[in-house]
Amino acid sequence: MSTTPYLEEITPANLDTALDVRIRPDQEHLVEPVAQSLAEAYVRPGVAWPRLIRDGDRAVGFLMAFLDIDWKGDGSGTDIRSGLWRLSIAADEQGRGYGRFAVESVAAEIRRRGGNRLFVTWHPGPDGPERFYLGLGFRLTGETSGGQTVGVLELDE
C-alpha cells in the first residue's frame, strides 16, 4: 500500500469508478460483479453496506457488508448476523494488504454497531479464498449457505 487505504461510500460521483473495479479473470467465478452487488444493495438498503476501497486517488477494490440480517430467514430473529458479503480487490492491486484492510474495516463497522462476530461465505475449492480467510483468523462454522462455506471471526473488544 502506498498511502493509507480508506473506504468511500458509493455515490453518483464515484459510481463509474466502482463499476470499473475488475478482479483477475480466473477469479470471476468466485464473486459477483460490482454491478450486481450494487443492484442488491439498492433493493436491500437497510442490510447492504457497499464501499469503494481507495488508496490515495486510486480505486483498489470494492466491498459490501451485510448488517444485522435474519440468517435463518424465518422472521424469528433468533440468529442475527453481520459480515462480509462481497470482496473484490482489483487485479493489479492484489497481494498488497487491501483484502486484510477490507476485513478489518468491516470488523470495525460491526463493532461500532455493537456486534461481536463477523461472518463470511466463500466458494470452496483450491482456487477459492479459504486460505486467505483462515489466515485472518476465521474459523469454519460447519455450515454452508448457497453452496458456499461459512466462516466466522470472533471480534474481541
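Strands β3 and β4 pair in the antiparallel sense over eight bridges, where strands are DSSP runs of E with at least two residues and helices are runs of H or I with at least four residues, both numbered from the N terminus, and where two strands pair if DSSP finds at least two bridges between them. The model is predicted, so that local features need pLDDT of at least 70 and side-chain atom pairs count only at pLDDT 80 or more, whereas totals for chains, interfaces and linings use all residues. Residues are numbered from 1 along each chain as its sequence is written, and side-chain values use heavy atoms, with hydrogens and water left out.

| Strands | Sense and bridges | A bridge pair |
|---|---|---|
| β2 and β3 | antiparallel, eight bridges | D55 and R58 |
| β3 and β4 | antiparallel, eight bridges | M64 and R86 |
| β4 and β5 | parallel, two bridges | G83 and F119 |

Strand β4, by comparison, is mostly covered, with eight of its ten residues buried.

Helix α2, which spans residues 34–43, has V34, S37, L38, E40 and A41 as its buried residues. These cover an arc of only 160 degrees around the axis, and therefore lie on the same side of α2; the arc is that of the directions from the helix axis to the C-beta atoms. The face turned away from this buried side carries the exposed residues Y42 and V43. The buried residues of α2 pack against α1 (15–19), β2 (48–55), β3 (58–70) and β4 (80–89), a contact being heavy atoms within 4.5 Å.

The largest nonpolar core has 24 residues, and those with the most contacts inside it are L84 and L118; such a core is a set of buried Ala, Val, Leu, Ile, Met, Phe, Trp, Tyr and Cys residues joined through side-chain atoms within 4.5 Å. At least two residues of this core come from each of β2, β3, β4, α3 (98–112) and β5 (117–122), and the largest share, seven residues, is that of α3. Not counting residues up to four places away in sequence, L118 touches a set of residues that includes L84, V103, V106, I110, F138 and L155. Apart from this core lies another, of ten residues, among them A18, V21, A41 and F62.

The largest pocket holds about 1000 Å³ of space. On a 1 Å grid over the protein atoms alone, a pocket is an open set of points where a 1.4 Å probe fits, with protein on both sides within 12 Å along at least five of seven lines, and lining residues have an atom within 4 Å of a point; points are joined across faces, edges and corners, and the volume is the space filled by probe spheres set on them. Of the 38 residues that line the largest pocket, V31, L87, T121, P129 and Y133 are the closest to its centre. The strand β4 gives the most to this lining, with six residues.

Note on methods
Buried < 20%, exposed > 50% of the residue type's maximum accessible area, 1.4 Å probe, protein only.
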